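Reader: I would like a close look at one helix in this model. Please take me through its residues, then its surroundings.

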Amino acid sequence: MKLNELTDDTALAECRRLLNVIQADRAVQNAWLGAPQEQLPFDENSAFVRGMTAMFRYARGEAVPPVLVKDFIDTFLTMMFCGHASNSLALPPFRRMQDKPWAAAWRLAELRLAFETDDPVEPQQLAHLLGIQTAELCAQIGAHCSEVPRNFIQKLYETIKAELTDRHDDSHKHALDLKET
């Protein structure tokens with residue numbers, strides 16, 4: 001996934017794709033329960049579509065109110081993972097989601113929120129976003145890991161953005177070498 005692929009059009013495409021996944025899941029559940037089948041319409045003015053677009057824009061570095069993005073992410077993750085998203089350990093490992101455009105935008109948006117807002121960042125949450133073990137993250141920052149320093153997170157955000165902007169193939173490299181940040 002490249003940064004220039006995290007466009008508004010990609011956000012809309014992800015909304016359509018996720019709506020199809022939700023409709024397919026509902027169809028299975030409705031059939032099992034004997035409930036009538038109903039199609040959910042795609043609405044470009046829905047909170048879901050507007051929130052997804054805002055998250056993609058924020059991830060790219062555009063001026064979007066952080067509170068709007070944070071609210072969308074909280075609601076979105078709850079919807080995606082049945083309410084278990086409040087605990088990062090309840091989410092699937094990031095490496096299983098990283099090829100999805102929404103996940104790349106979510107990762108960048110979460111990192112940007114981490115250094116632009118007053119919310120403390122727990123090492124488990126950051127390690128999940130980076131796709132590494134918490135112990136590896138703690139070793140990198142050289143702390144007891146009660147809270148991750150904001151300047152460290154900002155460097156990670158800039159590093160990941162630069163990697164996503166880079167045009168040549170870095171597939172042979174580790175996803176993120178924290179020692180370079």
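Author: In α2, the buried residues are V49, G51, M52, T53, A54, M55, F56, Y58, A59 and R60. This is a predicted model. With 10 of its 14 residues buried, α2 is largely enclosed by the rest of the structure. The helix covers residues 47-60. Its end C-alpha atoms are 20 Å apart. That agrees with the 20 Å that 14 residues should span at 1.5 Å a residue. After α2 comes G61, with a positive phi near 105 degrees.

What do the buried residues of α2 pack against? Their partners are α1, α3, α5 and α8.

Is T53 buried or exposed? T53 counts as buried because its relative accessibility is 10%, and the cut-off for buried is under 20%. Leaving out residues up to four places away in sequence, T53 touches D8 and A11.

Now α1. Helix α1 runs over residues 8-33 and has 26 residues. From first C-alpha to last, α1 reaches 37 Å, close to the 38 Å expected. Its buried residues are T10, A11, L12, E14, C15, L18, L19, Q23 and N30. The cover over them includes α2, α3 (66-80) and α5 (101-116). G34 follows α1, and its phi is positive, near 75 degrees.

Next, the nonpolar core. The largest one has 47 residues. Those with the most contacts inside it are M52, M55, I73, W102, L126 and L137. Two or more residues each come from α1, α2, α3, α5, α6 (123-130), α7 (134-141) and α8 (150-165). The biggest giver is α5, with 11 residues. M52 and M55 are also on the list of buried residues in α2.

Apart from neighbours within four places in sequence, L126 is in contact with L111, V121, L137, V148, F152, I153 and L156.

Then the aromatic rings. The structure holds 5 aromatic pairs. One of them joins W102 and W106, and it is tilted. The ring centres lie 6.2 Å apart, with 35 degrees between the planes. Both residues are in helix α5. They are about one helical turn apart, because 4 residues separate them. An α-helix has 3.6 residues a turn, so residues three or four places apart point the same way. W102 counts as buried because its relative accessibility is 3%. W106 is buried too, with a relative accessible area of 2%. F48, F72, F76, W102 and W106 form one aromatic cluster.

Y58 of α2 is buried. The charged end of R112 sits over the Y58 ring, 3.9 Å from the ring centre.

Last, the whole chain. The protein chain has 8 helices and 0 strands. Along the sequence the pattern is α-α-α-α-α-α-α-α. Of its 181 residues, 40% are buried. Among contacts with a separation of 6 or more, 66% join residues 24 or more positions apart. The accessible surface comes to about 10400 Å², and carbon and sulfur atoms hold 52% of that.

M52 and M55 are among the residues with the most contacts inside the largest nonpolar core. The ring of Y58 lies under the charged end of R112.

Note on methods:
Residues numbered from 1 in each chain as written. Predicted model: local features only at pLDDT ≥ 70, side-chain atom pairs only at ≥ 80, totals over all residues. Heavy atoms only, no water. Buried < 20%, exposed > 50% of the residue type's maximum accessible area, 1.4 Å probe, protein only. Contact = heavy atoms within 4.5 Å. Areas by Shrake-Rupley, 256 points an atom, 1.4 Å probe, with all protein chains shown as cover. Expected span 1.5 Å × (residues − 1). Phe/Tyr/Trp six-rings, centres within 6.5 Å; stacked < 30°, edge-to-face > 60°. Lys NZ or Arg CZ within 6 Å of the ring centre and 35° of its normal. Core = buried A, V, L, I, M, F, W, Y, C linked by side-chain atoms within 4.5 Å.
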